[in-house]
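I opened my notebook to get to know a new structure.

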Amino acid sequence: MPTRLLLGNEALAQGALDAGLSGAYAYPGTPSTEITAYLLRSREAAAQEIVCAWTANEKTALEAALGVSYAGKRAMATMKHVGLNVAADAFINSALTGVEGGLIINVADDPSMHSSQNEQDSRVYLDLAMMPCLEPADQQEAYDAPAIAFALSEKYRMPVLIRTLTRLSHSRATVEVGEPISRNAFGLPEDPKRFILLPALARKAYQKLLDLQPALLQEAEESPFTNYFEGSDHSLGLIACGIAYHYLREVVGEDCPYPILKIGQYPMPEGLVERMMSSCEQVMLFEEGFPYLERRLRGFPARTSPEILGRLTGHLPRTGELNPRHVAKALGAELPAIREASTTPAPRPPALCPGCPHIDTSNALNAIIKESGENGRVFSDIGCYTLAALPPYNTVDTCVEMGASITMAKGAAAAGLHPAIALIGDSTFTHSGMTGLLDCINENANVTVVIVDNLTVAMTGGQNSSARNRLAQICEGLGVNPEHIRIIEPLPNKHDENVAIVREEVAYTGTSVIIAERECIQTARRKARAQKSAGGTS
Ligand code: SF4
């Protein structure tokens, strides 16, 4: 079989392409972004006319993929773990409607919060949606997962979650790739009523979902991603999920005396787990993210036989990514010698790039907050501008989740805080800020919304913003008084002018919007390089 050196994310994208993908939608977010970026630059995807697009948010991505599936084609929606919160309504309900063409939902979790505001474990959503899930352990399994998931999805007419992790998404390995298949046939569902979740129909759909659970359990028991390795010493049994299986193998080697259960598909393979539980004195779990299975195996009250060991008992750290050192410590084993890097890279804390337009916006806001005395606050959203929370700017007072800036500012303004300034990016505004602005208009909230329009989704690598230079029109359409939609250019030589505009809008009683418009310098440089190289080759 031909091989390719691929990132985990690229392997998954290539696997989906080779498995007959027709439509892929995503909202960018680390560590998931490269899946869609790979598809967008793939010549194979273009040649096969595979529809691939960045969407306004994760919910719209999943709904579009569900539409492709409804029309009988294989579809994929991709997001990071917190994006699944945004898409949760569609996610949970799509398990009830079911699918026509195979539907994969890729969710990349980020334990240790390398680039995220929390380390939630997407497997918890399985308890709500009751859909199957694959958890690839390595790049080869990431490549193989879409074909398995599409087949599973079409067999049971169910979406399938593929859970990946930062360490897998962003590391490379050689992957054997198979022959691509084409599955581009259009076909509508035989029973279109199952896509109508009116209560009477939804009750039937829910019962059907419950009835499917034993079959999904059986699939997990027999999954190619799940293996039981018998051992000679039953004083301890080891259960490892996804990538943690390789950390375990790195420590115990291939001749481990203890039984090992590798889990790569959910629902939890209860039969195999019971086999280990009934034959071992102690069972230790290695799972990235939450102690999801560990909690379930411990039960309430915690069972005493076999003793369950893991993150909850302190044998492994409760938070953050696992690694072979953690595994070795938990097992009281020696870690095989690892070649240490001869030099340790100097830490590089995140910071706004020199010359970034957000610096000038922050400086203007700081001037106004200083004038306002103790009460002024800047409610931020999630993007590069959140880095203005750090010295020397210290501009930002809050950052909770996508879209929270405007609505938090509205609530604080209602509580008497002034000035209440919301700071939000162009892409985040169209992701989930617009509805908050509509609430502000409806309540005539006394807030100043600053949309920092750098004309791109900068933080995730410069994807196109869905705002597409229409922010003023959108704000006016939502009801903002056009006289209080102001455009500023965040540049050092415009500081005084910009401060004056912010001061005027903060003094206005009502909802105003200031659009700080200047392109991200990294995106501008990338575009210039691309233009230069296009010019050089023509
Ligand atoms: S990537 Fe762009 S928006 Fe982000 S800090 Fe750098 S210049 Fe600013």
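Where is Asn394 found? I looked it up: Asn394 sits in the loop between E15 and E16. Helices (H or I, at least four residues) and strands (E, at least two) are DSSP runs, numbered from the N terminus.

Before going on, I noted that this is a predicted model, where local features need pLDDT of at least 70, side-chain atom pairs count only at pLDDT 80 or more, and totals for chains, interfaces and linings use all residues. Residues are numbered from 1 along each chain as its sequence is written, and side-chain values use heavy atoms, with hydrogens and water left out.

I stayed with Asn394, whose phi is near 50 degrees, a positive value in a residue other than glycine. Asn394 is partly exposed, with a relative accessible area of 47%. For reference, buried means under 20% relative accessible area, exposed over 50%, and partly exposed in between (1.4 Å probe, protein chains only).

The loop between strand E15 (377–380) and strand E16 (398–399) also holds Pro392. I found a cis peptide bond from Pro391 to Pro392, with omega near 5 degrees. Another cis bond runs from Tyr266 to Pro267, with omega near 15 degrees. Pro267 is in the loop between E12 and helix H12 (270–277).

Met130 has a positive phi too, about 60 degrees, although it is not a glycine. I placed Met130 in the loop between helix H7 (124–129) and strand E6 (133–134). With 16% relative accessibility, Met130 counts as buried.

How many of the 11 residues of helix H1 are buried? I read 11 of the 11 in H1 (residues 8–18), so the helix is largely enclosed by the rest of the structure. Gly20 follows H1 and has a positive phi, near 90 degrees.

Next I traced an open sheet of seven strands, in the order E3-E2-E4-E5-E7-E6-E12, with mixed pairing. Strand E3 (51–54) and strand E12 (265–266) are at the edges with a single partner strand each, so one side of each has no neighbour in the sheet. Two strands pair if DSSP finds at least two bridges between them. Strand E2 (residues 21–26) and strand E4 (residues 74–80) run parallel and are joined by five bridges. In that pair, I saw Leu21 opposite Arg74 in E4.

Thr428 lies in helix H17 (residues 426–442) and is buried, at a relative accessible area of 4%. Leaving aside neighbours within four places in sequence, Thr428 is in contact with residues including Tyr27, Asp381, Tyr385 and Met402.

Ile308 belongs to strand E14 (residues 307–309) and is buried, its relative accessible area being 2%. I noted that Ile308 and Met284 are 24 residues apart in sequence but 5.9 Å apart in space, C-alpha to C-alpha. Beyond four places in sequence, the contacts of Ile308 include Met277, Val283, Leu285 and Glu294.

Asp360 is in helix H15 (residues 357–371) and is buried, with a relative accessible area of 11%. Not counting residues up to four places away in sequence, Asp360 touches Pro490, Leu491, Pro492 and Arg518.

Which residues are around the ligand? Among them I wrote down Leu352, Cys353, Cys356, His358 and Cys384; near means that a heavy atom of the residue lies within 4 Å. The shell divides into seven nonpolar, three polar and no charged residues. Ala, Val, Leu, Ile, Met, Phe, Trp, Tyr, Cys and Pro count as nonpolar, Asp, Glu, Lys and Arg as charged, and the others, Gly among them, as polar.

On a 1 Å grid over the protein atoms alone, a cavity is a set of points where a 1.4 Å probe fits but cannot get out; a pocket is an open set with protein on both sides within 12 Å along at least five of seven lines, and lining residues have an atom within 4 Å of a point. Grid points are joined across faces, edges and corners, and a volume is the space filled by probe spheres set on the points.

The largest cavity holds about 50 Å³ of space, and its lining includes Tyr27, Trp54 and Ser427. The second largest pocket has a volume of about 290 Å³, and H10 gives the most to its lining, with six residues.

Key:
Contact = heavy atoms within 4.5 Å.
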